[in-house]
Structures are given as structure tokens and as C-alpha cells.
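I opened this notebook to keep a record of what I looked up in the structure, entry by entry.

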Amino acid sequence: MEEVDVEPAVTNIPAASSGTHLGFAWGPGDILVYETLYKASGTGSGDIHEVRKDEDIYSPILRKLFNESHHIFVGLQTIREDLPSKNKKPQFVSISKNYRSVIRACMEELQQVSILLAIELIWNLCEVLFIDAAPAGSLLLHLLDWVRLHKADVDEKAREVLQSESPAEHRDYWDVPGGTQTLTEFDVKWRHWHEEVDRCLQDNSFASNKHLELICKILVGDEDTLLEHKDLLSTWYHFLVTRLLFCHPTVKPTELHYYAQSCLTMFLDSRSVPEPLDSILLAAFEFDIHQVIKDCSIALNNWWFVAHLTDLLDHCKLLQSHNLHFGSNLREFLLLEYASGLFTHHSLWQLAVDYFDHCPEFGRVYLELQIERVPLDTERKALKVLRICEQRQMSEQVRSICKIMAMRALRNNRLGSALSWSIRAKDAAFATLISERFLQDYCARGTFSDLDLIDNLGPAMLLSDRLTFLGKYREFHKLYGEKRFREASKLLLSLMTAKIAPRSFWMTLLTDALPLLEQKEVSHHIVRYAVYGQVLSL
Amino acid sequence: RGSLQWESAAPAQYCLHCCWHIGVIIMFVARSIAADHKDLIHDVSYDFHGRRMATCSSDQSVKVWDKSENGEWHCTASWKTHSGSVWRVTWAHPEFGQVLASCSFDRTAAVWEEIVGESNDKQRGLSHWIKRTTLVDSRTSVTDVKFAPKHMGLMLTTCSADGVVRIYEAPDVMNLSQWSLQHEISCKLSCSCISWNPSSSRAHPAMFAVGSDDSNVTYGGKVQIYEYNENTRKYAKAETLMTVTDAVHDIAFAPNLGRSFHVLAIATKDVRIFKLVPMRKESTSTGPTKFEVQIVAQFDNHNSQVWRVSWNITSTLLASSGDDGCVRLWKANYMDNWKCTGILKGDGSPLTGSSGQPTAMSTVVGSSVQTSQNALNGMSAGRYFFPPLDPPRAGTRYGHLLPPSSLIEHCDAEPIQPQQQALPHRLSSRALLPLPEAEGQ
């Protein structure tokens with residue numbers, strides 16, 4: 001497969017076209033561009049331009065496509081590998097039809113000719129040729145359905161003309177092949193009938209009725225006649241299927257591309273040129289799956305189509321004809337591209353996570369890189385991101401996100417929130433720091449803030465010595481408040497002797513101890529402490 | 001066959017060009033921000049989450065901008081930072097709070113921290129930044145300033161025209177006024193840029209690359225790679241890229257993505273991408289890692305000097321800026337072949353020449369009716385798949401692709417002038433009303 005060397009797309013920036021450099025800065029989902037001069041002096045000011053990929057992820061209608069196809073995608077990944085392939089094929093066909101019905105649903109909403117029509121056309125053909133792999137006989141039927149489905153603007157008149165001749169003499173023709181007869185039986189009958197009609201045309205049996213003659217010419221697939229009525233067949237692939245219907249109804253899949261190529265050539269007059277869609281369909285008729293994927297990648301500004309189709313084809317084991325590595329790498333490459341594109345969207349990023357999960361080689365590392373960048377606008381969003389990381393044992397990302405939230409809370413003096421994030425981050429150093437702040441606050445104001453949090457630390461208290469002290473010190477205050485002086489003083493003493501009290505706090509502790517001296521049953525403990533404290537401070 | 005047919009046809013509307021499986025990079029100017037600096041902007045830097053940005057200028061100031069929910073940028077701080085042109089500005093990782101560093105022609109680098117202000121300031125959308133420290137060790141212009149990867153702590157690196165790389169550390173993250181100079185590395189050549197290897201893998205020690213813009217080609221390699229040695233606790237030179245003999249203006253390690261090798265992009269007289277493959281160390285070896293250096297790609301499309309290179313977040317795209325006044329985007333397909341997939345180019349029509357009113361939206365330059373159709377269709381390229389409804393009117397390339405008038409928005413529906421250039425697919429820039437994002441997260 002030769003590589004096509006093509007010109008890159010040029011995007012114009014409203015900036016000077018000469019005498020200036022363009023500076024840039026990568027952002028999530030965009031690139032900022034501005035006029036500047038490197039290593040030169042100069043004056044000038046200017047604008048900063050936000051340049052983005054022409055992206056569909058911002059379309060509300062396509063959001064439905066992304067959401068629903070995500071659902072189908074995940075379902076596809078979980079199909080059991082150990083099923084024999086004859087059981088899997090109908091499942092794959094069904095999944096293919098699901099994808100297509102999602103496309104059709106979006107098409108209806110968009111209500112105008114759009115890329116989705118082309119996508120559905122291509123996908124449908126791929127389903128017929130590759131996934132369903134219709135053999136000769138039913139192949140034509142499938143192709144007929146395919147064309148009919150997409151021939152939205154078939155001239156009613158033409159249909160009437162074609163249908164008006166359902167005369168007795170042609171009744172045999174309309175028997176559906178593959179019903180009760182074998183392909184060969186049908187073929188024989190059909191040839192016989194074809195020769196009959198041909199003979200009639202040759203000896204001018206229908207000369208008296210021009211209309212009938214025309215119809216018969218069509219029915220035997222007379223190329224010139226068909227081409228004369230090109231306007232009734234607006235596309236070459238309609239022409240192709242029509243011709244096949246009338247000339248080669250038992251066409252084999254391997255023969256398709258001959259007819260496809262010649263029909264395309266015949267249908268286009270010398271003025272028109274084939275469009276990207278044409279080459280994609282031709283590649284499909286040639287069963288060149290990789291060419292189809294390649295051409296679609298080129299023609300579409302969105303990875304959605306190639307990513308999902310390639311994934312499905314990979315599951316059907318159709319991408320392994322070259323070599324294994326090639327096949328699986330291509331699928332993963334496209335899925336990673338698609339999912340990365342979703343990640344820049346404020347809500348669709350959550351869909352992307354599942355795609356990365358099913359990319360065995362690079363999915364995890366891509367997810368790690370990108371999930372860290374999701375803006376943590378609210379606690380709720382941060383918790384959502386965290387849950388995703390925790391489920392996947394991405395401990396470094398968990399720690400980092402919690403640390404960012406803790407830092408943000410601390411800067412805004414929300415000590416309780418900062419402490420709880422530090423605990424979640426298992427960040428002992430930060431927990432210590434925040435505990436110090438709490439204690440300083442207490443010294444300054446005589447009360448604690450965020451009592452709920454401190455009272456319910458539980459085992460998290462053990463994260464750092466200072467935090468343990470904070471928790472226990474608060475407990476001391478509670479006991480004192482409940483007049484449980486004996487327990488309070490015991491706790492106070494243990495705090496002192498366990499050496500987790502910061503030095504700076506000893507005076508405070510002693511001061512706290514003073515009122516306890518009044519209590520007879522505890523006074524001797526306090527006295528002992530006072531001595532102890534004296535000794536230690538030396 | 002098919003591919004040859006449509007390639008040679010190349011009518012104007014088939015401007016969906018790209019490389020195999022690389023995909024189309026069709027871009028547009030979504031919005032223009034009047035930066036309001038009084039002189040040249042030298043650097044623009046996004047913060048980690050892409051919600052804030054900092055700009056610095058020859059006007060000696062730094063501005064900080066915040067992006068609101070509807071995507072508009074508001075300047076929330078603007079202050080004089082140095083007594084000379086400010087070359088670079090960079091954000092620390094948000095784990096360390098809201099911290100910026102800047103470097104300047106005035107031979108200093110500085111660290112700034114945002115102070116949570118009074119509530120009425122917040123309501124007015126303003127914030128205050130205060131200087132935490134000035135780093136005055138350099139004898140010459142400080143050409144680059146970068147924070148080291150966060151797993152190394154809060155470490156700042158500068159490089160100067162005097163050829164010295166300095167690495168500072170703030171041991172107490174809560175006290176940003178205390179920085180100590182941990183390493184001073186003399187590179188012997190005037191330095192223009194530094195880049196840290198962002199990888200935090202334990203498989204290899206911390207590493208950074210320095211580029212020199214010394215133009216004397218006889219001095220050999222203009223890119224040096226330094227690596228941290230756990231035993232000596234110092235940085236030692238691991239590699240000099242001897243094939244890079246011209247002045248180097250910018251350098252960038254790619255994000256690692258779990259590879260065993262490193263990828264480095266260099267802006268010199270062309271764009272070069274190197275692969276550095278660590279060679280297996282003998283257990284007795286105490287010196288720095290030896291690398292096998294391979295050149296992966298080399299592009300001279302910018303025609304002369306390349307001034308900046310930078311990777312996007314996933315290292316799937318490299319952008320470069322050069323003397324041809326363009327920004328080029330480079331991408332590898334899954335076979336690791338690199339190609340240019342997009343070009344951003346000034347079209348000769350700057351919107352504002354002076355510090356005008358801050359506007360979030362730019363005025364439309366030229367018309368591009370079908371791109372507004374894109375916005376509403378949600379997808380571009382639909383128009384290329386279907387036979388024309390009417391033959392094109394003379395003089396209008398895209399005449400037959402006009403959507404129904406109800407769908408035409410603010411763009412003037414004047415016909416596009418036929419392009420004079422050979423490139424058949426220059427899309428006019430235009431402003432796009434951001435599509436309403438239906439639900440919040």
C-alpha cells in the first residue's frame with residue numbers, strides 16, 4: 001500500500017504574513033498562536049488566537065452518536081472470545097446494525113444531507129461484504145437492499161415503470177433466488193429467461209410497443225439503455241447494482257470489483273471526477289479493507305467512524321491478513337486517537353475512559369496522562385475523576401489529584417477540606433502541615449474549626465504524628481467538656497509522655513492542665529507531669 | 001486505481017489532505033484575544049489544566065488570564081515583573097499551588113505566587129501575585145526557565161547566555177521565599193533552552209537537555225544531555241549530540257508514554273526529532289547512561305531557522321515555529337513515519353494593530369460559508385461526498401455548497417475569490433460562535 005504524499009491543510013491566522021514569527025502554546029484541545037519575533041527586537045502588540053481542530057464533539061446532536069456508540073463499543077469488547085465463530089458472526093452483524101441504527105437516528109435529527117449519510121452508506125456496504133460476507137446469490141439481494149435504503153430520491157416514476165412490467169411472462173424472474181432452489185438451478189433458469197428476452201429483442205417482437213421494448217432492454221441489462229436513463233440512477237453504484245440485477249444476479253463477491261470499476265467509469269462522463277466516496281466504495285468492492293480504512297481516515301475530520309468500524313472488523317478477525325502486529329496496532333491507534341479527542345470535552349471525557357481500557361498496549365498510559373489534566377472545577381468532579389483512578393489502581397494520579405485539591409483548599413483557608421484531601425492522598429507531610437495550622441488556629445482563637453472532621457478521623461489519624469496529636473488533643477477537650485476529668489487528665493498525660501506533642505505546644509498543654517489541678521483525684525498525675533515537663537525541657 | 005484518480009483530480013473542494021492514518025488536521029481560529037501588551041509577546045504558557053494562561057512581553061510585564069465557563073478569556077492580573085524584556089514564563093505544577101516563574105533580559109529569574117485576595121477582588125475578577133524570590137546568580141540574560149518534573153519536588157531550572165544552567169530547589173513548599181541553588185552546571189556554550197525529561201519512571205535517573213545558540217559550528221554538538229547521579233548527587237553530562245552543529249533555539253522532550261527510549265525534538269536550522277535509546281549498563285558502571293542516538297525525522301520546511309518546538313500532551317503532535325512565519329504540526333502514523341499535517345500561517349490581515357478593546361470574538365476575515373455549515377452539521381466534509389446539486393457558479397468555488405439561507409450565520413455570503421496560490425485548500429479564518437454545550441458536567 002503506497003503512501004500518498006499530500007499537502008497539509010493550511011489554516012489562516014489573522015496575523016502578518018511576513019516580517020513576523022508565529023509563537024504558539026499547546027493547550028488541551030487547542031493551540032494558541034500569536035505574533036512575535038524571536039531573537040530580534042521590535043515593537044508590536046497583537047492578539048492571541050485560539051486555534052482548534054474543526055471538531056464535532058461540540059455538536060449536541062453528535063453527542064448522542066458518541067454516547068450510544070460508546071455503549072455498543074463496550075458491549076462488543078465483552079463478547080466472549082471462546083465462542084465458535086459461527087456463533088459470533090450473527091452477533092457481529094447485529095452489532096454492526098446497531099451502530100448503523102445509531103447513525104440513522106442522528107441523521108434524522110440533523111435533517112439535512114450530511115456526512116452521516118455517507119458514513120452509513122459505507123458502513124452498510126462493509127457490513128454486507130465483510131461482516132455478513134454474503135455469498136453469491138444473497139450477495140445481490142443484500143446489495144439491492146443497500147442501494148434501496150440509500151436511494152432516498154429514487155424517482156417514483158422510474159419505479160412505476162420498472163414495476164409496471166410484472167407481467168406473467170416475467171414471473172419466473174421475480175422468484176427469489178436461494179428460496180427453494182439452489183444457486184445453480186436459479187442460474188440456469190435465469191440464463192434461459194435472459195436468452196429468451198434477448199431473442200425477442202433481436203427479432204423485434206416488441207417493436208410495436210416502444211415502452212415495452214425499453215423495459216425489456218433494461219431487464220436484460222442493456223448497458224446503453226441503462227446509461228441513457230442515467231438520471232434515474234443518480235449514482236454509479238445504483239447503476240452497478242441495477243446492472244448486476246439484470247445481467248449477473250449470481251455474481252460472486254470476488255467478481256464484484258470488475259463490474260464496480262467498469263460501472264464507475266461508464267457512469268461518470270468525461271467532465272466529472274471521482275470523489276473520495278467513490279474510491280472508498282471501490283476499495284470495499286475490491287475487499288481491500290485497509291484501503292477503505294485509509295481513505296476514510298483521510299476523508300473524515302473525525303475518528304469516530306474509522307475507530308469503531310476498525311474495531312468491529314478487528315473483532316471479526318478481518319484485520320489480520322497482513323500480520324498480527326499490524327492489525328492490532330491499527331485498531332489501537334485509531335481508538336487512541338478517537339478517545340483522546342473526546343478527552344478534551346467537559347463531559348464526553350468519561351466515555352473515553354472505556355476506550356482506553358480496551359487498548360491493551362497504550363490505553364493505560366494514555367489514560368494516566370490525560371486524566372490528570374481534567375480540570376477539577378468542583379469537588380464533585382474531582383471525586384468522579386478520583387473514582388476512575390482508584391478503580392484502576394492509578395495510585396500516583398490519585399495522590400496527585402488529592403494533593404492539588406488539598407493545596408487549593410489550604411490556599412483558601414479551608415483547613416477541614418485540605419485535611420480530608422491530604423488524608424485521601426495519604427500525604428503525611430501535608431497532613432502534618434495542616435494539623436499544625438489547626439493547632440495554631442486553636443492557640444490563636446481558643447477553638448477548633450471543622451470539629452466534625454477531626455472527631456471522626458478514625459484510623460486515618462495515624463497518618464502522621466501531628467495528626468494523631470490533633471485528634472487526641474481534640475478528644476481531650478471533649479472529655480474535659482463532658483466533665484470526665486479523670487479520663488481527660490489520663491489522656492493529657494499520655495499525650496505528653498508519648499512525645500507526639502510538638503514542643504511549641506507544651507505550654508498550652510500545661511495551661512490546659514491547670515484547671516485539672518483543682519480536681520483532687522487527678523492532681524497527683526498533673527504534678528508528676530509538671531516535674532516530668534521540667535526535666536524534659538532542660 | 002482509486003487513490004491515483006482522486007489525487008490527480010485535486011479540485012479545490014477536496015481540501016481534506018493528510019497522511020495515511022494520520023487524520024486530517026483541519027483547524028480554524030475559534031477566538032482571538034486582544035492581549036493588550038504594549039510590546040512584543042515573547043511567551044504564552046497554559047497552566048496544567050488549561051484553564052489559565054500567562055503571557056510575558058518586552059513591555060517587562062506578565063499577564064495572567066483565566067478562562068471562564070463559556071470559554072472567554074479574562075485578564076485577572078497584569079504587573080511589571082522585570083527591568084528588561086521577559087523571555088519566558090512558566091507554571092509550576094498545581095500540586096504546589098498557583099506559582100509562576102519568569103526570566104528576563106535583566107539577568108534575573110523570579111518566582112511569583114498568587115495570593116487569595118479580598119472577596120471584592122474576586123468579585124471584580126482580579127487576583128494578586130506577589131514576588132516570592134528573585135534569582136540573581138546569572139551574569140547575563142536568562143534565556144529559559146523551567147520547572148523540573150513534580151516528582152522531584154519544587155525545583156526550578158534556568159539557563160543563561162553565560163553558558164550556565166542553574167537548578168534551584170524550594171525545600172519547603174509552603175515557604176516559597178526560600179530557594180537554594182543546588183546545582184550550577186557550566187555548559188561552556190551560551191545556552192538558549194532547557195527541557196526536562198518528564199518521565200518519572202524509576203528505570204532511569206532524572207535527565208534534562210540543554211541547547212546552545214552559539215553559532216560557531218566548530219564547537220561541536222549544540223545539544224547536551226545531563227543526568228543525575230545518585231552516588232555523587234550531581235548532574236553529569238551523559239551525551240552530546242554531535243550532529244547538531246548549528247545554533248539551537250529550542251528543545252523539548254516528549255512525554256514518555258511508557259517507552260523505554262526517550263524522544264527529543266530540537267529547533268535549529270531545521271526541525272529534528274531524535275530517539276535516545278539507553279544502552280544496558282554494566283552493574284559496575286558508575287558513570288552516566290550511554291545512549292544510542294538515532295535521528296527519527298528531519299524537516300527543513302521552515303526554510304531557515306526554527307525557533308520553537310513543543311509537544312502536545314500525548315506527544316502525538318509536535319508543533320514548530322520558524323522563519324517562514326508559520327507554525328507547522330507534525331505527526332507520526334502508527335508505523336512511526338512523521339509528516340507535516342497542518343500549517344498555521346499569517347494571512348496578512350492582523351485584526352488589531354494597537355491595544356484595542358478586549359474582545360473575545362474576532363471579526364470575520366473573508367468568508368467561509370461552508371464552515372458555518374460545519375458548525376451546525378457538526379461535521380465537516382459532508383459536502384465532499386455528494387454530487388453537486390447545481391453546477392458551480394462562475395467565480396465561486398463553493399457556490400454549489402451553499403446551505404439553506406436559514407443556516408447562514410454572521411458570515412458575509414460574498415463569494416470567495418479564487419486562490420492565487422498553488423495550495424488549493426486555504427481555509428479562511430473566521431470566528432465561530434461556540435456551539436452551546438448543552439449540559440454541564
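Which residue just after H11(A) takes a positive phi? I found that Phe287(A) does, with a phi of about 60 degrees.

Ground rules. I am working with a predicted model, in which local features need pLDDT of at least 70, side-chain atom pairs count only at pLDDT 80 or more, and totals for chains, interfaces and linings use all residues. Residues are numbered from 1 along each chain as its sequence is written, chains are lettered from A and ligands numbered from 1 in the order in which they are written, and side-chain values use heavy atoms, with hydrogens and water left out.

Entry on helix H11 of chain A. I stayed with H11(A), residues 276–285, where helices (H or I, at least four residues) and strands (E, at least two) are DSSP runs numbered from the N terminus. I noted that 10 of the 10 residues of H11(A) are buried, so this helix is largely enclosed by the rest of the structure; buried means under 20% relative accessible area, exposed over 50% and partly exposed in between, with a 1.4 Å probe and protein chains only. Among the buried residues I listed Asp278(A), Ser279(A) and Phe285(A).

Entry on its packing partner. I then looked up helix H10(A), residues 256–267, which packs against H11(A) at an angle of about 155 degrees, with the axes 8 Å apart; axes are lines fitted to C-alpha atoms, for helices over the stretch in contact, and angles run from 0 to 180 degrees between N-to-C directions. The two helices are therefore roughly antiparallel, given that angles over 145 degrees count as roughly antiparallel, under 35 as roughly parallel, 65 to 115 as roughly perpendicular and the rest as oblique. On the H10(A) side the contact (heavy atoms within 4.5 Å) uses Leu256(A), His257(A), Ala260(A), Gln261(A) and Leu264(A), while H11(A) contributes Asp278(A), Leu282(A) and Phe285(A). I sorted these residues into five nonpolar, two polar and one charged, with Ala, Val, Leu, Ile, Met, Phe, Trp, Tyr, Cys and Pro as nonpolar, Asp, Glu, Lys and Arg as charged, and the others, Gly among them, as polar.

Phe66(A) lies in helix H1 and Tyr338(A) in helix H14 of chain A, so the pair ties together parts 272 residues apart in sequence. Tyr338(A) also forms an edge-to-face pair with Tyr355(A), at 5.2 Å and 80 degrees. At 4% relative accessibility Tyr338(A) counts as buried, and Tyr355(A) does too, at 0%.

Entry on chain B. I counted three helices and 26 strands in chain B, and 59% of its 441 residues count as buried. Glu69(B), in the loop between strands S4 (61–67) and S5 (73–80), is exposed, with a relative accessible area of 86%. From Glu69(B) to Thr240(B) I noted 171 residues in sequence and 46 Å in space, C-alpha to C-alpha.

Methods:
Phe/Tyr/Trp six-rings, centres within 6.5 Å; stacked < 30°, edge-to-face > 60°.
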